[in-house]
Amino acid sequence: PLLASAHESSCIRLWSIQGNLMKELLPFSEHPSGPLTALCTDIFTKILLTGSKEGYVIRWNIASFLEDSRNRKNKIKEELCWRAHATEVVDLFIEEEKNVIATASIDGSVRLWHARTGYYFGYFGQARKFELSDTSRLILPSDVKDFSAIIRAESQHMEKKQVIYPLRLDRDK
């Protein structure tokens with residue numbers, strides 16, 4: 001069992017049932033996700049999805065970490081990040097059988113996405129039927145301009161280094 005909490009600082013905290021902090025995560029994708037507003041996992045708790053106030057969805061792989069959280073080699077991997085809405089994501093749901101993620105926003109829209117790639121399938125209320133088997137057509141909602149970003153496996157969080165830059169006047173330059 002695991003508890004996850006999302007925070008305004010974009011931080012995700014994973015807790016044991018006993019209340020002990022197991023892991024603290026920050027996204028490292030190129031797009032700032034902003035304050036987190038929604039969380040969900042798949043039924044087997046292998047995938048963690050987060051939604052943000054800026055409209056981004058981030059997919060995390062937590063399977064190896066949960067197998068043995070004490071082993072430092074088992075890391076949580078940020079796999080995918082995409083802009084799902086132009087406004088705040090208020091809810092997320094993953095449907096494993098169809099490999100689909102549904103997102104809802106404060107703008108009143110509910111959209112469908114491919115769970116592994118972040119490809120856009122459409123929105124609820126559209127005239128055409130959803131074509132869930134075709135992920136080759138790269139389409140985006142009208143209010144979103146960024147395609148999904150697959151996070152490379154070798155990407156790592158940057159540690160903050162304290163660097164001192166004294167101000168000096170160099171008359172020769």
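Mentor: Let us begin with terms: helices (H or I, at least four residues) and strands (E, at least two) are DSSP runs, numbered from the N terminus. This is a predicted model, where local features need pLDDT of at least 70, side-chain atom pairs count only at pLDDT 80 or more, and totals for chains, interfaces and linings use all residues. Residues are numbered from 1 along each chain as its sequence is written, and side-chain values use heavy atoms, with hydrogens and water left out.

Trainee: How many helices and strands are there in the chain?

Mentor: The chain has one helix and 12 strands. From the N terminus on, the order is β-β-β-β-β-β-α-β-β-β-β-β-β.

Trainee: In what order do the strands of the open sheet stand?

Mentor: Strands of a sheet pair through backbone hydrogen bonds, either parallel or antiparallel. Two strands count as paired if DSSP finds at least two bridges between them. Here four strands make an open sheet, β8-β9-β10-β11, with antiparallel pairing. β8 (89–95) and β11 (120–123) each have a single partner strand, so one side of each lacks a neighbour in the sheet. From one strand to the next, the twist averages 20°, with axes being lines fitted to C-alpha atoms and angles running from 0 to 180 degrees between N-to-C directions.

Trainee: How many bridges join β9 to β10?

Mentor: Five bridges link β9 (residues 100–105) and β10 (residues 110–114). Ile-101 has Trp-113 in β10 as its bridge partner.

Trainee: Which residues have the most contacts inside the largest nonpolar core?

Mentor: In soluble globular proteins, nonpolar side chains tend to be buried together. A nonpolar core is a set of buried Ala, Val, Leu, Ile, Met, Phe, Trp, Tyr and Cys residues joined through side-chain atoms within 4.5 Å; buried means under 20% relative accessible area, exposed over 50%, partly exposed in between (1.4 Å probe, protein chains only). The largest core has 15 residues, and those with the most contacts inside it are Leu-49, Val-57, Trp-82, Leu-92, Ile-94, Ile-101 and Trp-113. β4 (36–41), β5 (47–52), β7 (77–83) and β8 each supply at least two of its residues, and β8 gives the most, with three.

Trainee: Is Ile-76 buried or exposed?

Mentor: Ile-76 counts as buried because its relative accessibility is 10%. Ile-76 sits in the loop between α1 (63–67) and β7. Its C-alpha atom is 7.7 Å from that of Ala-63, 13 residues apart along the chain. Across the 173 residues of the chain, 37% count as buried.
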